[in-house]
Amino acid sequence: LYLKVLHLPPGLELHLKEQILSHQALQEALNDPKNGESAFKHLKQQASILGNMEKLHLLGPGRCFVEFGAGRGKLSHWVDIALENVESVQFLLVERATTRFKVDGKHKRRDSVFERLQVDIQHLCLNKVPILEKKRLPVVGIGKHLCGAATDLALRCLVESYTITCCDGEDEEPAPKRCRAAQTEVAPHKSAGNESTTEDHKPVAGIVIALCCHHKCDWTHYVGREFFKAVGLGPVEFHYFQRMSSWATCGMRETTSKASPSEDSEDQTNDTEEHEQTLSRTESGSDTLQGILSVEERKEIGCLCKRLIDHGRIEYLQQQGYKAALQYYTESAVSLENVLLTAVPNPSLIPEPTI
């Protein structure tokens, strides 16, 4: 098993590029001395996520921003601030848990619409949400530290159920519960009608998700299963890679610190510190090789497992007609979970308009 990790399939991107950006919308908050260390770390991450969205030209009018695992809704809040001079902007905040300290009341613009959905992502059909069903808006899927399987569920929700149902031009009956399209191998850009615009072919304008907690992934929901099978791996290997992925961060637990009580009350429930402490508790003393491998060796293997799992997600998005990439969006000192997944429609895979 360990040899399988160390002999990874060709084409796997192990050394990600750094794309640590910022955005003017957060400059005032970043310079506010009243913010504690924990709040400052979150602001730096949110600023880089917005910077990456701007680089991909995703901060525009007439779109619906769907924040998965929204928590208090801070990421959507900053997107709203960044789009203060832009018209026709909708926000859909998806969170299955009841959330305290929401920032929903802080939105100042009257023309931006915010809607919360308390639902598990696997049960969400975007094309059945009234505002999307009525307006067929292009969607931008976003998320900050979207745990494990929630990332895979969000990707399926975006590129299968919403894209295919909207593009086919037919009234398909969605699959039960998860509302998945019946034939996932059909590329979502293939339209049955004579629609000619990019938005008609690709109602998902982009995806920007900060990844997290690979040890909470699940083979049942994982979108990269075809990639795993193609390289001779299956659910058993996935289970072990999933567990070992936490070595990438749990070996660094001595460098993490808890936020002060005053900062804790203001942070999201899915903050960086909580994730790192969870990883430590999950893996502490449970593996037979803990006394054999050094911390650095465990960390290296954990990182390889993460990249392997993420590569399956990239291949899945590419097969669905997207240009997808992974990059470091913040420093490891800010968050050990510092990889951002981005995807936009691949123009070369969009069919030419029919005349």
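A: A residue counts as buried under 20% relative accessible area, as exposed over 50%, and as partly exposed in between. The model discussed here is predicted.

Q: How is that scale applied to a charged pair, and with which residue does Lys44 form a salt bridge?

A: A salt bridge is assigned when a side-chain nitrogen of Lys or Arg lies within 4 Å of a carboxyl oxygen of Asp or Glu. Lys44 pairs with Glu331, their closest N and O atoms being 3.6 Å apart. This pair links distant parts of the chain: Lys44 belongs to helix α3 (residues 37–55), while Glu331 lies in the loop between β7 (322–328) and β8 (339–345), 287 residues apart. Lys44 has a relative accessible area of 27% and is therefore partly exposed. Glu331, at 31%, is likewise partly exposed.

Q: How many salt bridges does the structure hold?

A: The structure holds 9 salt bridges. One of them joins Asp120 to Arg96, with the closest N and O atoms 3.3 Å apart. Here too distant parts of the chain are linked, 24 residues apart: Asp120 sits in the loop between β4 (113–117) and α5 (130–135), and Arg96 in the loop between β3 (89–94) and β4. Arg96 is exposed, because its relative accessible area is 61%.

Q: What separates Glu226 and Lys229 within helix α8?

A: About one helical turn separates them, because they are 3 residues apart in helix α8 (residues 225–230). Glu226 is exposed, with a relative accessible area of 52%.

Q: Which residues are linked with Asp310 in a network of salt bridges, and is Asp310 buried or exposed?

A: The network joins Asp310 with Asp152, Arg307 and Arg313. Asp310 is located in helix α13 (residues 295–319) and is buried, at 0% relative accessibility. Beyond residues up to four places away in sequence, Asp310 touches Leu211, His214 and Leu326.

Q: Which residues is Ile121 in contact with, leaving aside its neighbours within four places in sequence?

A: Ile121 is in contact with Phe68, Val94, Leu146, Ala150, Leu153, Ala154 and Cys157.

Key:
Residues numbered from 1 in each chain as written. Predicted model: local features only at pLDDT ≥ 70, side-chain atom pairs only at ≥ 80, totals over all residues. Heavy atoms only, no water. Helix = DSSP H or I, 4+ residues; strand = E, 2+ residues; numbered from the N terminus. Buried < 20%, exposed > 50% of the residue type's maximum accessible area, 1.4 Å probe, protein only. Contact = heavy atoms within 4.5 Å.
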